[in-house]
Amino acid sequence: MAKKLPEINSSSTADIAFLLLSFFLMTSNMEQNSGLQRRLPPMPDENQKVQNQKINRRNIIVVKINSADRLMAGNEPIDVSMLKFKIKEFLINANNDPKLPEKENKTIEGYGDYMVSKGVISLQNDRGTSYQAYIAVQNEIVKAIDELRDDFSKANYGKPYLSLDEDHQKIVREAIPQNISEAEPKDVSKN
Amino acid sequence: MAKFGRSGKKEVPGLTTASMSDIVFMLLFFFMVTTQLRETENKVMVKLPEASQSAKLERKDLAAYINVGPPVQHLQAQYGNDARIQLNDSFRTVDDIRDFIATERESKSEADRQFMTVAIRADENVRMGIITDIKQELRRCSALKIMYSARKPSAD
C-alpha cells in the first residue's frame, strides 16, 4: 500500500522569486555617495593669536562669491568658466612672476626635488550665496588642481593621476597640493 | 546517407522553464545583498548640485548625513518652505548638530572614528548662510572631514 507522493509543482517558485525580486528592486536605493571632500580647518583657540596674516600676499588668490552669485578672483570680476584657467595660471606661475606665488624647493620621497607652489586659494562667500554657485566654484577649483595633477603625472609616469598606484598618487599630491582655505564667514556684499 | 536524411518531421522541443527560477533567485540574492533598506524618511527635499569632479566616498558606513533643504510638500503647511536641517528623522537646528555628531561618533568603532566623514547633503537652492553655520558648528565639534554631496552631471 505504498502510495507514491505526488511531486510538488515547482513552477510557481519562479513567481515567488519574482515577487521577492521586485520587492528588493523597489526598496533598494543604489545611491551613489559621491561629492567633493574637504577638510575643515580646526577652530582657532580663543586666546590663540591669529597667525594667518603671515602668509605672503602674493601666495594667496582670493575667490569671492557675493549674494548674487557673482565671482571675483584676485580683485577682478570673472566668469565661472574662466576660473579654472585663472587658478591654473596662478598655481603654475611658469615665468616666476613676482606677483604670482613663490615656489619652494621640496624633496619628495620617491621622486626627488620639485618646486612646489606655495599658492593658497582662499574661498570666501556671502551668506546669501546659493549653494549651487558655491559648489560650482569649488568644482572648478578642484578641476584646475586635478588637471595640474594629471599633467604632472602624465609628464612623469605617462598616465593620468587616477590610474597611478597609491604611492605615486601620494607623490603627485605632494607635488601639487590642494590648498583651499575656506575662510571664516565674512560678509562680502559690500565689495 | 539515409542516416542523416531520415528525420522528416522534427518538432521543436519546448523551452524548459526549470532553470528560470534559478536565474531569478540569483538576481534576487544579488539585490538582497546589495540593498540597504532606507532607515530614515526624507523630510526635506534635496536636489543635489552638480559637480563633475565629485569623487566616491570610500567608506560608506563611516558617513554621517546632514540633510538641508526645504521641507517636503506635505510638511510645508506646518513648517513653511524655508530651508531646514534634518538629522536622522526629524527637523533640528544648528545647535543639535553637536549631539548628533557625538552620537554618530559613539556608534562607530574606536579605530574608525577618526575617519568619520560628515556628508552635507544640501539642496542646490539653499543659501550659504545655513551651510556656513553648519560648517562652523562642525569645526567646533572638530568633525573636520566633510563632504559636499554632489552628483555627476548626466551628460557632459
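Reader: How many bridges join β1(A) to β6(B)?
Author: This is a predicted model. In it, β1(A) and β6(B) run antiparallel. R38(A) stands opposite I146(B) in β6(B). The number of bridges joining β1(A) to β6(B) is five.

Reader: What is the order of the strands in the open sheet?
Author: The sheet has seven strands, and its pairing is mixed. Its edge strands are β1 (55–56) and β4 (90–92) of chain B, and each pairs on one side only. The order is β1(B)-β1(A)-β6(B)-β5(B)-β2(B)-β3(B)-β4(B).

Reader: Do β2(B) and β5(B) pair in the parallel or the antiparallel sense?
Author: Strands of a sheet pair through backbone hydrogen bonds, either parallel or antiparallel. Six bridges link β2(B) and β5(B). One of the bridge pairs is A64(B) with V118(B) in β5(B). The sense is parallel.

Reader: Which residue of β3(B) stands opposite G69(B)?
Author: Strand β2 (residues 63–69) of chain B runs antiparallel to strand β3 (residues 84–87) of chain B, with three bridges between them. N67(B) stands opposite Q86(B) in β3(B). Opposite G69(B) stands R84(B).

Reader: How many of the seven residues of β2(B) are buried?
Author: A residue is buried if 20 or more other C-beta atoms lie within 10 Å of its own. β2(B) is mostly covered. Its count of buried residues is five.

Reader: Which helix lies across β2, β5 and β6 of chain B?
Author: Take chain A's helix first. Helix α3 (residues 131–157) of chain A lies across β1 (34–39) of chain A, together with β5 (117–122) and β6 (145–149) of chain B, and runs at about 75° to β1(A). The helix across β2, β5 and β6 of chain B runs at about 170° to β5(B). That helix is α5 (residues 128–140) of chain B.

Reader: How many residues does each chain bring to the contact?
Author: On the side of chain A that touches chain B, α1 (13–27), β1 and α3 each supply at least two residues. By class, this side has 16 nonpolar, 16 polar and six charged residues. The contact takes 38 residues from chain A and 49 residues from chain B.

Conventions
Residues numbered from 1 in each chain as written. Chains lettered and ligands numbered in written order. Predicted model: local features only at pLDDT ≥ 70, side-chain atom pairs only at ≥ 80, totals over all residues. Pairing = 2+ DSSP bridges. Helix = DSSP H or I, 4+ residues; strand = E, 2+ residues; numbered from the N terminus. Contact = placed C-beta atoms within 7 Å. Axes fitted to C-alpha atoms, helices over the stretch in contact; angles between N-to-C directions. Nonpolar A, V, L, I, M, F, W, Y, C, P; charged D, E, K, R; others polar. Buried ≥ 20, exposed ≤ 12 C-beta atoms within 10 Å, placed from the backbone.
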